[in-house]
Amino acid sequence: QVQLVESGGGLVQAGGSLRLSCAASGRVFGINAMGWYRQAPGKERELVAYIHNSGGTTYADSVRGRFTISRDSAKNTVYLQMNTLKPEDTAVYYCAAYSTSWSWGQGTQVTVSS
């Protein structure tokens, strides 16, 4: 079992930046990929970005060019650098890790004011 703890959310004005962090513990040796999802009020949870063990990355069209996912394998930590934030980026952001199944963090709120 993998445990995930997110940090770094908060309130920021449009155009600003935030960096989210997610630290994994437990059965980390089995993790194939880690990523970020988000869920806005009244909407379904959606993929933001993920990074595979190979280093390959995938981004949602809505964040490509503004967000960057990275990882520190030695610390079992994945980061999401979010630049040029928009009000529509407001959501609860969840860290996720995939081994034989998905594990989820508790979520961190990101609020972008206009």
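# Exercises: a buried arginine, a sheet and a core

Arg66 sits in the loop between strand S6 (57–59) and S7; strands are DSSP runs of E with at least two residues, numbered from the N terminus. This is a predicted model, where local features need pLDDT of at least 70, side-chain atom pairs count only at pLDDT 80 or more, and totals for chains, interfaces and linings use all residues. Residues are numbered from 1 along each chain as its sequence is written, and side-chain values use heavy atoms, leaving out hydrogens and water.

**Exercise 1.** Work out whether Arg66 is buried or exposed.

*Solution.* Start with the cut-offs: buried is under 20% relative accessible area, exposed is over 50%, and partly exposed is in between (1.4 Å probe, protein chains only). Arg66 has 11% relative accessibility, so it counts as buried. Next, look at its contacts (heavy atoms within 4.5 Å). Not counting residues up to four places away in sequence, Arg66 touches Gln81, Met82, Asn83, Thr84, Leu85, Lys86 and Asp89.

**Exercise 2.** Find which strands stand at the edges of the open sheet.

*Solution.* Write down the order of the 4 strands: S1-S3-S8-S7, with antiparallel pairing. Strands pair if DSSP finds at least two bridges between them. S1 and S7 each have a single partner strand, so they stand at the edges. Now zoom in on S7 and S8: 6 bridges join them, and Phe67 is opposite Met82 in S8.

**Exercise 3.** Name the residues with the most contacts inside the largest nonpolar core.

*Solution.* A nonpolar core is a set of buried Ala, Val, Leu, Ile, Met, Phe, Trp, Tyr and Cys residues joined through side-chain atoms within 4.5 Å. The largest one has 29 residues, and Met34, Trp36, Leu80, Met82 and Tyr93 have the most contacts inside it.
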